[in-house]
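Visitor: Hi! I have a structure open here and would like to talk it through with you.
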Amino acid sequence: MLLPLGVSFMYGDAARHAHYEAVLITFVSGAILWVLTRSSQAELQTRDGFLLVTLVWTVLPAFATLPF
């Protein structure tokens with residue numbers, strides 16, 4: 001998301017605000033998840049791996065569509 005943001009700033013595009021907000025929302029969401037889970041030391045089980053892959057395939061595209 002930083003590359004389109006940089007290009008928007010370089011060309012003075014009006015969409016730079018949308019890209020900036022998308023980067024900010026994604027960063028804040030990741031920081032919150034990191035703070036909530038940083039003290040966890042449990043080993044991942046097979047079921048956890050399947051859940052992680054499923055969430056990445058569904059949640060990551062949602063963050064990718066934020067600027068649009």
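Visitor: Which helix is A22 found in?

Guide: A22 is found in helix α2. Helices here are DSSP runs of H or I with at least four residues, and strands are runs of E with at least two, numbered from the N terminus. This is a predicted model, where local features need pLDDT of at least 70 and side-chain atom pairs count only at pLDDT 80 or more, while totals for chains, interfaces and linings use all residues. Residues are numbered from 1 along each chain as its sequence is written, and side-chain values use heavy atoms, with hydrogens and water left out.

Visitor: Is A22 buried or exposed?

Guide: A22 is buried, at a relative accessible area of 1%. Buried means under 20% relative accessible area, exposed over 50%, and partly exposed in between, with a 1.4 Å probe and protein chains only.

Visitor: What is A22 in contact with, neighbours within four places in sequence aside?

Guide: With those neighbours left aside, A22 is in contact with M1, L66 and P67. Contact means heavy atoms within 4.5 Å. M1 is 21 residues from A22 in sequence, and their C-alpha atoms are 7.8 Å apart in space.

Visitor: What about H19, is that buried or exposed?

Guide: H19 counts as buried, with 13% relative accessibility. H19 is found in helix α2 as well. Neighbours within four places in sequence aside, H19 is in contact with P4, L5, S8 and P67.

Visitor: Where is S8, then?

Guide: S8 has its place in helix α1. S8 is buried, with a relative accessible area of 4%. Leaving aside neighbours within four places in sequence, S8 is in contact with D13, A15, R16 and H19.

Visitor: Back to α2. Which of its residues are buried, and where do they sit around the axis?

Guide: H19, A22 and V23 are buried in α2. Seen down the helix axis, the buried residues fall within an arc of 95 degrees, so they line one face of α2. That arc is taken from the directions from the helix axis to the C-beta atoms. What covers these buried residues includes α1 (2–11). On the other side of α2, H17 and L36 are exposed.

Visitor: New topic: what volume does the largest pocket have?

Guide: About 530 Å³. Among its 15 lining residues, L33, T37, L52, L55 and V56 are the closest to its centre. On a 1 Å grid over the protein atoms alone, a pocket is an open set of points where a 1.4 Å probe fits, with protein on both sides within 12 Å along at least five of seven lines; lining residues have an atom within 4 Å of a point. Grid points are joined across faces, edges and corners, and the volume is the space filled by probe spheres set on the points.

Visitor: Which helix gives the most to that lining?

Guide: α3 does, with eight residues.
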